[in-house]
Amino acid sequence: GCSPSPGGEGKTTLNFSYSNAVQQTEKVPLHFALENLKSQGIATTEAFHQSGDDAVQAVVRGESDFGTANASTVFAAVRKGVPIKAVMTAYRPAYLLVAPASVADPGGLGGKRVGLQSKISSTTLYTNLALKDFPAAKPQLLIIPGSANRVQAMIAGQLDASVVQFSDWLTLRKKAPGQFHVIYDVAERNPDIIDSVIFTTSQTADSAPEYVKKFLAAVQTEYASTYRDAGKLAASIASTVPKTDPAAAKELAEESLKAKIWPADGGFSPVAVKATLDALRTSGILDAGSLPDADQCCRADLLTAGIGG
Amino acid sequence: MKARSRRFPGIRADVASGVAVLAAWQIVAVTVRPQWLPELPAVLTQVWALVTSGALSVLGTTAVTLLLGLLVTFVLAGAAAGLMAAGDVAERSLMPYVTGFLSVPHIALVPLFTFLWGNGELTRVVTTVAFAVSPVALTWTSALKQSPRELVEMAASFGAGPSAVARHVRLPAAAAPLVAGVRIGVVQGIKGTVSAEILIGIVGVGKLVTTASQTFDIARLYAIVLVIIALSIVFYLLLNFVEDRMTRWTS
Amino acid sequence: MSPSPSPAGPAGPAGPAGPADPVALRLAGVSLTFPGRDEPVVDGLDLDVRTGEFLAVIGPSGSGKTTLLRLAHGLLRPDRGLITAGAEHIVKPSTSRGFVFQSDCLLPWRRIVDNVAFPLELAGAARAAARTKAMELLELTGLAASANQYPAQLSGGMRQRVNLARALAIDPEVLLMDEPFAALDAQTREVLQTELLTIWARDRKTVLFVTHQLDEAVFLADRVVVLQPNPGRVREIVPIALPRPRALEIKRTAEFNGLVDRLWHLIKSDVLAEQLI
Amino acid sequence: MSPSPSPAGPAGPAGPAGPADPVALRLAGVSLTFPGRDEPVVDGLDLDVRTGEFLAVIGPSGSGKTTLLRLAHGLLRPDRGLITAGAEHIVKPSTSRGFVFQSDCLLPWRRIVDNVAFPLELAGAARAAARTKAMELLELTGLAASANQYPAQLSGGMRQRVNLARALAIDPEVLLMDEPFAALDAQTREVLQTELLTIWARDRKTVLFVTHQLDEAVFLADRVVVLQPNPGRVREIVPIALPRPRALEIKRTAEFNGLVDRLWHLIKSDVLAEQLI
Amino acid sequence: MVSSSRTPAVLDRERTPATPPAEPARRRATRPRVLVWTFRLAILAVALGGWQWYGATSGGVFVPSMTQTLAQLPELASSGVLAPALWSSNTSLLVGYPLSAVFGLAIGFLVGRRRTADRALSYWLDVAMVVPIIATVPVVIVALGLTFTARVAVVVLFALPVIAMNARAAVRVLDPHLIEMACGFGATNRQVWTGVILPAAAPHLFTALRIGLGRAISGMVVVELTLVPVGLGGLLLDYKSSFAGPSLYAVTLVIIAEGVLLVSLSQAGERWLIRRMRGERR
Ligand SMILES: Nc1ncnc2c1ncn2[C@@H]1O[C@H](COP(=O)(O)OP(=O)(O)OP(=O)(O)O)[C@@H](O)[C@H]1O
Ligand SMILES: Nc1ncnc2c1ncn2[C@@H]1O[C@H](COP(=O)(O)OP(=O)(O)OP(=O)(O)O)[C@@H](O)[C@H]1O
Ligand SMILES: [Mg+2]
Ligand SMILES: [Mg+2]
């Protein structure tokens, strides 16, 4: 069900694009928000992509109405003239910088092999944020896409440190117990940083605000509910994220809730947007001169105020 | 075949070498236990799981892409071959482009295709066509061009007109290489479809591979690769069989 | 209409039993130059083939023997001169002339019987009728047992028999044969020569037979045309007065060898010239 | 040393001028079965090739003529029986025996002179020396002018001359020739036959010559071995008492044709049996 | 399973159509030549013109015009992005291709001339030629990690089977009589190889190496596109994810150019060799 011009306010279909090929913990509430929309008479579909730019592609082409992608990807696309707008924070960074036990803080990474997802990615951003206060430390940066692959490389000794997701940190602890520890908790140290955003086309945002609002409200409601029942969240994670046993799901749920990665208020305050843009600029992921300003890339006005955890 | 069974009673050398490799695999897997090499039974269990769990149903999209791609390929290649076989000028004008396209590393075009057309069916079909179209066009051109001069003259000497010559001589003479073109097209098309799916990573075999490798399921990854290999071999054997049937008279 | 150009004089004593010697095929002043070539291949060639006679053509390589046959069949058209069969002016192939090629030219994807039936199908016969007729011809040439095989499964000698059977299928008035036995080994060739004579004796069709083999020409023919090369012309026509039916033993007689010797002397200088490096 | 196994009696009158008739090549009780076949190709074959004689071998297709030559050369080894050249027990090819194949087997990427020099190079001769020797042989076979051409640029007759020159290059004691002229047209073949005799007359090497052409066998040989098929055995050895040197004209004599006729009768039944379908 | 006696798809892919029968009228050849070049240029002009027109009028982010793309090339080169990427990609080719060539030829010779080796290996080489090797890339990465060795291994996986199968065909098709002839003249095994088999097979061996080169380039790009995003493939992915259309197009052009250039060069060498061997020097 493609809808090339998502025009009418009374639209009863909603196609959603994820920037991942397989379901991830961070997106479990999104998934259930979409499920909930079905009970409101909206037919939803979910498409999985290999990267954020593919999700952007799908939305721009009208294959999907909404998508998630890294803030950096969406902002870069906007800068190149792709007609999309971020409308909500999907989640805040669920990342940890993990290093060998011998390394105490990011300053100790000098000369070590540190893995990155790609040149333009959240891992780069967070590694830069971690190293911000230690300008003297010059690690050797290696590009290894796939958090799982980086974990594999760390276990195999091909990599010393990397920014990894919660789930991978669990794996790492299990497969190489005692060898690694967390030296930098990204979400904890950067409460305002946006990791991933929900976006739609500028046209949809402009011409069908009610439709967008309806969707965002559903997401916000679901986000709020996660904080009320950690057990239900763990069960949801175990049932939707591949290869996650109940024990791991429980840990993931707890970690995520502790880091408050799902903003029930939409997490889209001007402060957060500015902090994210600043971080992108200072870390050199997007060259400073042509960064979009907040108005170009974001619309915070479609969120439902007052839903809180 | 007879000589073969005489020298290796009951065993065929190719089967034997295959079994030897599998045995070596299993021995390494259970003795050295490298992380990257799952034990054979684990892989076979996964193959069985793939088959029985219905996970292979994603191959439906693969088949659709392949069919669409081959359809387009055969139409395009047919047109190009028809043009090139029809006239010397047309052939010499088009040939550099067709052979040139043959030396393009087609797989490098996939990012451009996804940039252009997204992750959808269109990109995958175009990739399939890009892989298959020039070899098929070349094979078909030579099939159409090879003129069995003596046979044509023979038919003419019995009063056959151009249409009778085409029907009774040129077409049957070209049949074998035309079928060979189809075989090449299918083999190349499978490569194209699978390449597109793996690079795009979210449909068909690509989805299987991505899921397995992102969830660290190494045994399953091996199983998927084995299934892909097995399926392409089956296709290939099928095509060979058809081709042999059609050219029985050459024996 | 015009006297035979043979320097050996008109109508040798070996004239066949045909009725009153009318001419089956006449080439008059025929010239042909292949495009892109400077010299004509055939130049001012005159030749009468009498009805019911077996006429052999010999000459060194490149003297235009094949070209002559193709002209006579209508596969080629002369630049100048006339080629006629009775009242018909030959301008294209017709089923009243059958061609037996040197290479057997069987359709490899058709079974033997269907190869023989091929010209009949071309002529519009129903498949079944064509096959019945083809089977008769295969009986005649001793090939009935191989009717359902493919050409690739047959020996060279058998393939040439099929080739002959196919030419006979359309019941042509004139049979044009271009070195049909050249690719066969010496013994197989002799066997086929006798068979050809047997078949020919049944209804005495007119035959124009090209060969390199002098003894073959003498053994088979009523008259032997000797071509000279550059450009192709008739050097001489040698009548063969050997009695018929002929058995292979005739090849060892002095008379036979005298005729072969005469032909050899007629082409010797041309052959040796061609051999010069 | 031992009596010839010929049923035609020992030492025909055509014995060559060689000294005291020693045996150049002896096959004694030779049998061979190809793997995967039930019947032997050659079974209990006895044959003596006398030094300096020109021995021709005829027989129907498949009677094992080529196999016999390959055995004599050492390219094949018999299952049973002995093959000896003087005191040497033949188990592998040696340069004391030269082989001339039916297909010319020239190396297409070498010039004519280098093709002739090829066996000399194999034997370790320096390139320059090999070429000088090769040029001599090309003079002898009338090919000097083509020395720097490539095989593809030559006619079939010329290629067979090169083939012959190459076999002579290693100055073998025995020359083994397998239907060397079979692919040539009748006239070219006759020209090469006379040339071969001329070259042979110079130093009278021992020659074992396989052919299908009865007249070729009679024209060239001192004795003709007639093979019978299934399994290959010597049916008869026919001595050829024609005087030497022989000119082509001898082919038209009664004596010559009598010999051809005799050979024909010896193989006739086998040939006709083979033709049966 | 089937016997491996047939070697389909070996030379098929590269089969160039038979040259047209000798044209008798050579004088008339100049007019078609002019015509042919007119058509060739016209095809090129239509393709490039169409691209330019579409890119300029309605291309948007996703279809930059031809001039935009071409203008990006010098920029990429001067900004120091292109050369390191080219080098980084081609190092795996530089190591992997010679390895494939040496081992591919060796295996091909072995399989082509030794029946036991043929029976044991041909079938699997045949299989390697028809299966999509790209499917094995994840397994290679699992086994060898995201390393240079893995990249080389993928290049070898892509190129070696093709080279081996074509080398096998090359040393096989030759006339057995030629070898028998050489043996007849007492040639040693080594002399048979150097004097007969290799010269006879040389043109086909060059074809084998050329096809292998094309496949090796594919292999080089494949790893970079799937799991080790360095070099040219890495650039492609970077530019794609940052929506840098002109750069993406330009790098794609560079890869195409490299493929076509390398393959054409080896093709020219091959033709020269064949002409030399056929004695058509003059
Ligand atoms: N289609 C053609 N185009 C140009 N030249 C041709 C063509 N066909 C034959 N020729 C030339 O015409 C000459 C006569 O050819 P033809 O085949 O008639 O000779 P032939 O006597 O049959 O020779 P052979 O005994 O070798 O069969 C030869 O020089 C040949 O090269
Ligand atoms: N390498 C081989 N393997 C199996 N059978 C063979 C082989 N070589 C020859 N034969 C068979 O052995 C028999 C004799 O073959 P050979 O070539 O010696 O006959 P020939 O007398 O030379 O025949 P021709 O006159 O046709 O040349 C034939 O039936 C042939 O099929
Ligand atoms: Mg001819
Ligand atoms: Mg033989």
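This is a predicted model: local features need pLDDT of at least 70, side-chain atom pairs count only at pLDDT 80 or more; totals for chains, interfaces and linings use all residues.

**Chain E, overall**

I began with the surface: chain E has an accessible surface of about 12,300 Å², and 68% of it belongs to carbon and sulfur atoms. Accessible areas here come from the Shrake-Rupley method with a 1.4 Å probe, and for residues only the protein chains shown count as cover.

Residues are numbered from 1 along each chain as its sequence is written, chains are lettered from A and ligands numbered from 1 in the order in which they are written, and side-chain values use heavy atoms, with hydrogens and water left out.

I then checked burial, and 56% of the 282 residues of chain E count as buried. Buried means under 20% relative accessible area, exposed means over 50%, and partly exposed is in between (1.4 Å probe, protein chains only).

What does the secondary structure of chain E come to? I found 10 helices and zero strands; helices (H or I, at least four residues) and strands (E, at least two) are DSSP runs, numbered from the N terminus.

I also looked at contacts, meaning heavy atoms within 4.5 Å. Among those in chain E between residues at least 6 apart in sequence, 75% join residues at least 24 apart.

**Chain E, annotated spans**

I turned to UniProt, where an unreviewed entry lists "domain: ABC transmembrane type-1" at residues 86-266 of chain E. UniProt positions are given in the numbering used here, feature names are shortened, and annotations may be inferred rather than shown by experiment. In the model, residues 86-266 of chain E are 87% helix and 0% strand, with end C-alpha atoms 20 Å apart.

The unreviewed UniProt entry also places "transmembrane region" at several spans of chain E, including 216-236 and 248-268. I compared how these two are built. Residues 216-236 of chain E are 81% helix and 0% strand, and their end C-alpha atoms lie 18 Å apart. Residues 248-268 of chain E are 100% helix and 0% strand, with the end C-alpha atoms 30 Å apart.

**Chain B**

For chain B, the unreviewed UniProt annotation "domain: ABC transmembrane type-1" covers residues 51-239. I see 85% helix and 0% strand over residues 51-239 of chain B, with end C-alpha atoms 23 Å apart.

Among the "transmembrane region" spans that UniProt (unreviewed entry) gives for chain B are 58-85 and 124-144. Residues 58-85 of chain B are 96% helix and 0% strand, and the end C-alpha atoms lie 40 Å apart. Residues 124-144 of chain B are 100% helix and 0% strand, with 29 Å between the end C-alpha atoms.

**Who touches whom**

I noted that chains A and C do not touch, their nearest C-alpha atoms being 52 Å apart. Chains A and D have no contact either, and their closest C-alpha atoms lie 53 Å apart.

**Ligand 1, at chain C**

I counted 13 residues around ligand 1, taking a residue as near if one of its heavy atoms lies within 4 Å. The closest are C:Ser61, C:Lys65, C:Thr66, C:Thr67 and C:His212.

For polar contacts I used pairs of N or O atoms within 3.5 Å; within protein, one must be able to donate a hydrogen and the other to accept it, and residues adjacent in sequence count only if both atoms are side-chain atoms. A backbone N or O atom of C:Gly62 lies 2.9 Å from an oxygen atom of ligand 1. Polar backbone atoms of C:Ser63 and C:Gly64 lie 3.3 Å and 3.0 Å from an oxygen atom of the ligand. Taken alone, ligand 1 exposes 630 Å², and the protein buries 62% of that.

**Ligand 2, at chain D**

Around ligand 2 there are 13 residues, and those that come nearest include D:Lys65 and D:His212. The side chain of D:Ser61 has an N or O atom 2.8 Å from an oxygen atom of ligand 2. A polar side-chain atom of D:Thr67 is 2.5 Å from an oxygen atom of ligand 2. The protein covers 63% of the 640 Å² of accessible area that ligand 2 has on its own.
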